[in-house]
Amino acid sequence: MQALAPSDTLHQHFPQGLHFSLLKSSKTHQEIQQFHAFSLKTGIFTHLSVSSRLLSLYADPKINNLRYARSVFDRIEHPTLVLWNIIIKCYVENQRSHEGISLFTELLAHFLPDEFTFPCVIKGCAKLNALKEGKQIHGLVLKLGFGLDKFVQSSLVNLYSKCGEIGSAQKVFDEIDEKDLILWNSLLDGYARCGEVKVAMKVFEEMPEKDSYSWTVLIDGLAKSGEVETAREIFEMMPKRNIISWNTMINGYMKAGDVNSARKLFSQMSTRDLITWNSMIGGFELNLRFVEALEMFERMLKEEFRPSQATLVSVISAVSGLASLAKGRSIHSYIVKNGIELDGVVGTVLIEMYSKCGSIDSALAVFRTINHKKLGHWTAIIVGLSIHGMAEHALKLFLEMRKIGVKPNAITFVGVLNACSHAGLIDDGRGYFKMMINEYGIKPTIEHYGCLVDMLCRAGYLEEAKGTIEEMPMRPNKVIWMTLLSGARIHGNTKIGEYAAYNLIEVAPETIGGYVVLSNMYAVAGEWDKVSKVREMMKKRGLRKEPGCSLIEHRGMHHEFIVGDKSHPQTKEIYSKLSEMREKLKLAGHIPDTSQVLLYIEEEEEKEAELEHHSERLAIAFGLINVEAGCPIRIMKNLRVCNDCHSVTKLLSKIYSREIIVRDNSRFHHFKNGLCSCKDFW
DNA sequence: CAGTGATGGC
């Protein structure tokens with residue numbers, strides 16, 4: 001085909017209307033796509049001027065379509081420097097600065113960057129908090145002689161301000177002759193956000209002029225430095241408050257934990273935008289006010305705002321916090337109906353949500369539908385499977401993930417080690433621990449040591465577990481001592497149990513579990529004087545055993561039971577179900593294990609009765625009555641499952657052919673066909 | 001045909 005000059009081509013081939021619309025300054029995405037398709041069909045795309053125009057149209061801030069911009073860019077054989085600059089900017093604007101910076105290094109192989117390139121990549125570094133890369137680029141700026149460009153200077157001050165290196169920001173600032181408002185604002189931002197409140201106020205007063213940016217930056221900085229009240233005063237003084245300043249103030253209150261002040265401001269706003277809603281929903285979630293987060297979300301939909309990915313991430317996390325599977329499913333269906341992508345963080349939190357709500361099957365289903373699985377998705381499902389005790393599956397996915405070249409992070413390894421521990425794979429666990437350090441350069445955190453200790457305890461290597469705790473480079477916390485204590489209890493090692501319990505009581509005297517396990521251990525060993533000593537200690541500290549509480553969700557409603565509860569409308573049926581359960585258990589040969597209730601109750605009969613009325617028993621009875629046959633019974637409880645309930649639930653799962661899924665305070669137990677996924681170690 | 005500053009989410 002003969003190449004035509006682009007201008008000729010446009011005249012000859014453009015449909016009249018389309019041609020005309022392309023002369024307008026603003027174009028719709030559809031018009032650009034039509035032009036795009038047309039240019040490909042006719043071959044004029046191969047002209048650099050046409051493809052360049054297309055790229056700049058897609059990269060225009062009003063259109064900002066990275067996917068199309070990239071596909072145009074990829075089809076250009078030898079992009080000019082200008083085109084590289086455009087595509088880099090596009091990545092940075094789309095919160096994908098990391099790839100923007102990779103493109104920048106790729107660019108270096110073909111061109112020397114110019115004064116247009118630098119502001120884009122420096123902005124990318126600022127967004128990523130990539131101070132090291134930023135400094136290298138600063139060096140290159142000076143080497144190539146762009147140190148006097150106004151835009152480059154501004155972006156450098158901004159970089160240092162955002163990355164908390166206020167000294168360097170000030171230094172660059174001082175060397176600039178003509179300081180404009182943008183520059184002053186960047187410096188002010190730096191002082192405000194690093195908590196230099198006094199200096200920030202001084203800069204604010206010294207500035208030759210101020211605009212709304214200056215005010216907001218100061219309000220934000222003050223609020224984030226723990227001075228919300230001062231921030232509020234400045235907010236009140238601000239001449240023309242705009243929506244951004246309102247949102248900033250709301251966020252300030254939310255971050256400071258002052259939910260009520262945030263709510264008040266929200267109600268006073270005359271117009272709200274997406275960020276307002278997200279700040280409220282995210283703020284509620286941050287402050288563990290999950291119900292309010294969900295209510296806000298529903299109100300947002302009612303007022304016909306379209307949630308963004310950020311909104312959904314907060315709402316789904318709130319659902320995780322509530323562990324409300326029904327709510328989770330309804331939000332998931334909203335996501336599917338509205339065609340919202342799961343490839344990003346939304347997919348990750350959805351997997352986490354299902355897993356935390358007890359439905360690992362749904363978590364797996366979501367995981368499978370994600371096309372471009374990223375580290376977060378792999379990590380979420382591996383961690384999910386591991387807390388559900390599905391170790392083999394978790395490890396299989398871990399190997400698969402490594403095989404396709406996804407690099408695990410510290411959290412992935414928490415999942416992996418947890419899985420090894422569940423499956424009793426000590427040698428593998430030790431191997432992965434080493435792999436994490438040597439192959440991936442990840443420094444183990446206390447969670448990783450926790451898994452290691454758990455693994456050793458489970459296998460009965462209590463001395464080695466104790467040694468690991470003593471040798472680890474950080475101070476053991478509550479979880480670590482609890483793990484050792486559980487191990488000691490299960491393997492009947494009173495000596496190590498005592499050691500663990502006393503350390504636990506030292507680091508977390510308010511943890512009731514420590515006293516309870518210790519006292520029960522003494523009781524089993526028949527050391528009654530010590531039992532009463534522990535009881536004495538608890539009394540002195542004003543500690544009472546937290547009442548067991550179980551929750552079951554049915555048709556979107558939560559039913560809550562405490563020990564011996566008789567307040568439920570179905571109490572009569574529930575208690576007759578309990579008698580039926582008792583008979584069937586007896587027939588199956590179950591002997592109640594009262595070793596866990598010795599603390600308060602003296603008579604054997606009373607102990608058995610107490611066991612029978614443990615909150616999860618009541619919830620299971622409710623579930624057997626109400627939950628549709630074939631559906632698993634899902635229960636959440638606040639405490640660790642007691643020994644007797646654990647063996648009873650195993651039996652019940654077989655007797656009634658029902659899957660029973662129980663979430664206790666740290667993991668899930670899947671009871672099925674007489675067995676539990678925790679393999680009797682918890 | 002391109003580049004600098006404020007709020008949420010990652």
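Author: Buried means under 20% relative accessible area, exposed over 50% and partly exposed in between, with a 1.4 Å probe and protein chains only. This is a predicted model, in which local features need pLDDT of at least 70, side-chain atom pairs count only at pLDDT 80 or more, and totals for chains, interfaces and linings use all residues. Residues are numbered from 1 along each chain as its sequence is written, chains are lettered from A and ligands numbered from 1 in the order in which they are written, and side-chain values use heavy atoms, leaving out hydrogens and water.

Reader: Why is Phe-433 called buried?

Author: Its relative accessible area is 9%, and the limit is under 20%; Phe-433 therefore counts as buried. Tyr-449, at 13% relative accessibility, is buried as well.

Reader: What makes the pair of Phe-413 and Tyr-440 tilted?

Author: Rings of Phe, Tyr and Trp (its six-membered ring) pair if their centres lie within 6.5 Å; planes under 30 degrees apart count as stacked, over 60 as edge-to-face and the rest as tilted. The structure holds 17 aromatic pairs. For Phe-413 and Tyr-440 the centres are 5.8 Å apart and the planes stand at 55°, so this pair is tilted.

Reader: Why is the pair of Phe-433 and Tyr-449 called edge-to-face?

Author: Here the planes stand at 65° and the centres are 5.4 Å apart, so the pair is edge-to-face.

Reader: What makes Lys-466 lie over the face of Tyr-499?

Author: A charge sits over a ring if NZ of Lys or CZ of Arg is within 6 Å of the ring centre and within 35 degrees of the ring normal. Lys-466 lies over the face of Tyr-499 at 4.8 Å from the ring centre.
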